[in-house]
Amino acid sequence: MDSLVLAQTGSEVTRPTFWRIGHLGEAIFYYLSAVAIAFFLFGVYERFATYARGTDSWFDRLDDLPGRVLGAAKIVFTNEKQFDRDLYAGVMHAFVLWGFLTLFIGTTILAIDMDVWTKGLGQDSFFVGNFYLSYSLVMDAMGLLFVVGVGMAIYRRYWVREGRLWGKHTSTEDDLFVWTLFLLGVGGYLTEGVRILGTSQFRNVSFETVSFVGWFVRDVLELAGVTPGMAEAAYPVVWWSHSLLALAFVATIPYAKPFHMISSFANVVTRDEKAGKRLPGVPDDASPEEIGHGSIEDFSWKELLDHDACTKCGRCSSVCPAKASGRPLDPRDVILDLKQYREDLDAGRTDEQPIVADGGTSVVDSETMESCMSCMACMDACPVEIEHVEQFTGMNRRLTESGQMDANVQDAMMNVFQNGNTFGEPERKRPDWADELDFEVPDAREEPVEYLWYVGDYPSFDERNRKIARSLATIFEASGVDYGILYEDEQTAGNDVRRVGEEGLYEMLVEDNATAIRDCEYDNIVCTDPHSYNTFRNEYPEFDDCDWDEDDVFHYTQVIEDLFRAGQLGLSGTELDYAVTYHDPCHLGRYNGEFEAPREIVAGTGCELSEMPRNREDSFCCGGGGGGLWMDFDEDPKPSEERLREALEDTDAGSRVEKFVVACPMCMTMYEDGRKTGGFEDDLEIVDVAELLVEAIGETERVEVSD
Ligand code: SF4
Ligand code: SF4
């Protein structure tokens with residue numbers, strides 16, 4: 001590179017800007033640039049003015065702004081969400097993003113040199129010599145990445161026709177976006193190649209080999225018989241075509257799909273790390289008509305931004321268990337239906353409609369919202385941090401307040417209201433599960449305990465799940481844990497009551513449970529059920545009645561893992577040798593990041609653990625969350641049946657898998673059902689981690705009850 005600079009020093013090692021464009025052309029270019037930027041700025045202003053109409057304070061999501069921006073930059077620039085589950089998409093998006101950003105920064109540097117440094121400040125251009133050579137090399141290399149990335153996108157969209165990229169809202173804007181990027185990338189190289197060839201008749205252009213792609217285009221043109229004179233004549237046409245396309249692109253960014261370059265980043269900056277697992281409350285003074293999302297005015301500014309941030313990538317839809325089982329829900333469609341409705345309403349293309357209703361004309365059908373299992377797979381998969389579950393709960397709240405709740409869920413809610421449990425059993429029967437144990441379960445209301453054990457509805461009332469409660473009590477006894485329960489003072493924790501939209505009832509449960517717990521002397525709370533664990537950990541501490549922090553709440557597998565580590569739980573019984581697989585419950589894994597404690601326990605029992613392809617964050621919901629346990633759906637296949645098939649066909653152990661291990665009583669109920677309806681009864685058994693462990697410590701007989 002040095003020799004090139006020495007051979008042709010100073011201002012000659014550069015490229016002529018506005019070559020063959022003339023002063024008039026230059027003036028027109030500046031005028032059009034100003035128009036394009038004005039269109040761009042106005043469009044961005046209009047978008048953000050729309051978000052300003054949303055509810056909630058802007059400041060709720062803008063605390064520690066520098067930290068938020070840095071966190072978002074890490075997520076966006078590493079493309080970590082795009083790489084997740086899809087290497088091809090990660091490479092493609094990284095090439096496009098890094099290439100685009102480099103070209104954008106390079107163009108800005110050139111503009112600063114021309115318009116600020118040289119014309120504005122009267123300095124000599126720095127766009128010469130080694131700077132120019134380095135600049136050209138980097139721009140050509142990164143531009144190539146950009147073109148390759150866009151080419152990969154085109155191949156996948158039009159050749160492979162990747163299913164998740166196509167959907168109800170696929171439109172011309174998607175085609176225009178990808179092809180415009182391609183033409184911009186290729187057009188840039190064509191402009192460069194024509195310029196190098198054209199200017200070669202006046203000067204030595206050998207240093208331009210650093211622009212290796214442009215030089216390659218020059219060679220191709222030469223081979224095709226294009227002379228330097230012909231290139232000089234064609235250059236203004238090529239340059240204007242490229243420039244006008246670039247300016248049109250800039251002007252239309254806020255009005256179509258390219259806006260995701262701005263809205264997606266803003267969405268990641270303003271993300272809530274606890275979205276979904278900690279739902280927003282309802283203001284104390286809200287009237288019934290004001291509760292939930294009944295009209296577009298009820299959406300928060302972040303939710304409106306969510307709609308615009310959607311890139312239509314279809315990742316959420318591809319992992320949604322409701323969609324996979326044929327329920328009438330596609331999370332991408334819901335987000336984009338809401339966006340479409342708002343835009344149509346603003347443009348006067350539609351009349352006002354209810355956002356969600358049972359039958360009739362509404363933006364979203366009630367059955368669509370009832371189909372959601374609150375599993376958070378969509379949110380985990382979304383590369384731009386769209387918070388589906390928060391919006392869906394808002395719509396469920398509206399259905400509840402307007403008396404349009406599913407009849408089965410209504411029954412369950414009535415049971416909770418009258419008896420404090422979803423089974424409609426008298427409160428006094430709650431501790432009956434412990435009757436057949438050969439020891440007394442300590443009463444946390446009567447004595448101080450280290451662990452206050454919240455047993456939960458299913459382990460208390462459901463016959464199959466009572467064995468889990470007895471197993472866990474036996475393990476606590478065997479390992480000398482200082483624990484106690486609330487007996488009949490315990491009530492449904494309310495995690496799913498809240499998620500089906502019954503906020504008033506949920507608040508009542510919080511008050512009752514928090515008051516009962518506050519009256520006890522305890523250090524920590526331990527839950528059998530991941531749903532209770534989630535709400536006790538992430539939601540209860542937001543209420544004044546509650547006297548604990550999130551760090552005080554544990555799932556039982558976490559406590560047992562600690563017992564293992566402390567040597568308090570010796571596996572002196574039978575070493576098990578079952579071939580098993582483990583299903584991550586949504587509320588333990590994806591919601592709260594606990595993946596390893598249950599696995600450590602399973603491995604500790606001696607079982608051979610094989611993973612299903614969809615494990616940890618990618619786990620597939622059993623179908624019971626979000627009130628699914630109480631509803632009847634036409635499903636094909638049921639999520640639980642699909643998951644049991646996965647266990648038998650797609651693990652390393654394959655059909656050797658004898659036990660399907662769960663760590664959630666709701667999962668137990670759903671999988672016991674799927675085992676029967678799917679015809680898997682002879683193939684495998686459903687067991688809870690606690691049941692496996694109680695067998696490993698040789699205490700199974702103590703938890704069995706005679707019929
Ligand atoms: S929370 Fe689960 S069921 Fe609901 S839309 Fe998202 S992926 Fe689908
Ligand atoms: S909501 Fe997120 S995951 Fe779903 S299509 Fe939009 S950007 Fe993709």
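**Helix α25 crosses helix α28 in a left-handed sense.** A crossing counts as left-handed if the near helix is turned anticlockwise from the far one by less than a right angle, and as right-handed if it is turned clockwise. The structure is a predicted model, in which local features need pLDDT of at least 70 and side-chain atom pairs count only at pLDDT 80 or more, while totals for chains, interfaces and linings use all residues. Residues are numbered from 1 along each chain as its sequence is written, chains are lettered from A and ligands numbered from 1 in the order in which they are written, and side-chain values use heavy atoms, with hydrogens and water left out. Helices (H or I, at least four residues) and strands (E, at least two) are DSSP runs, numbered from the N terminus. The axes of α25 (residues 596–604) and α28 (residues 689–696) come within 9 Å and cross at roughly 30°. Axes are lines fitted to C-alpha atoms, for helices over the stretch in contact, and angles run from 0 to 180 degrees between N-to-C directions. The two helices α25 and α28 are therefore roughly parallel to each other. Angles under 35 degrees count as roughly parallel, over 145 as roughly antiparallel, 65 to 115 as roughly perpendicular and the rest as oblique. Pro598, Ile601 and Val602 of α25 meet Val689, Leu692 and Leu693 of α28, where contact means heavy atoms within 4.5 Å. This contact of α25 with α28 has six nonpolar, no polar and no charged residues. Ala, Val, Leu, Ile, Met, Phe, Trp, Tyr, Cys and Pro count as nonpolar, Asp, Glu, Lys and Arg as charged, and the others, Gly among them, as polar.

**Helices α24 and α25 pack at an angle of about 50°.** Their axes lie 8 Å apart, and α24 and α25 are therefore oblique to each other. The crossing of α24 and α25 is left-handed. On the side of α24, the contact is made by Thr557, Gln558, Ile560, Glu561, Phe564 and Arg565, and on the side of α25 by Ala597, Pro598, Glu600 and Ile601. By class, five of these residues are nonpolar, two polar and three charged.

**Strands β4, β3, β5 and β6, in that order, form an open parallel sheet.** In general, the strands of a sheet pair through backbone hydrogen bonds, either parallel or antiparallel. Two strands count as paired if DSSP finds at least two bridges between them. At the edges stand β4 (483–485) and β6 (553–555), each of which pairs on one side only. From one strand to the next, the twist averages 35°. Strand β3 (residues 449–454) pairs with strand β5 (residues 522–527) in the parallel sense over five bridges, and Leu452 has Ile525 of β5 as its bridge partner. Helix α24 (residues 556–566) packs on the sheet and touches β3, β5 and β6, and its direction makes about 85° with that of β6.

**A further open sheet has four parallel strands in the order β8-β7-β9-β10.** Its edge strands β8 (608–610) and β10 (685–688) each have a single partner strand, so one side of each is left without a neighbour in the sheet. Strand β7 (residues 579–582) and strand β9 (residues 659–662) pair in the parallel sense over three bridges. Thr581 stands opposite Phe660 in β9.

**Helices α11 and α14 pack at an angle of about 105°.** The axes of α11 (residues 301–309) and α14 (residues 331–346) are 9 Å apart. The helices α11 and α14 are therefore roughly perpendicular to each other. Leu304, Asp306, His307 and Asp308 of α11 touch Ile335, Leu336, Leu338, Lys339, Arg342 and Glu343 of α14. Four nonpolar, one polar and five charged residues make up the contact of α11 with α14.

**Asp636 and Pro637 are joined by a cis peptide bond.** Its omega is about -5°. Pro637 belongs to the loop between β8 and α26 (639–649).
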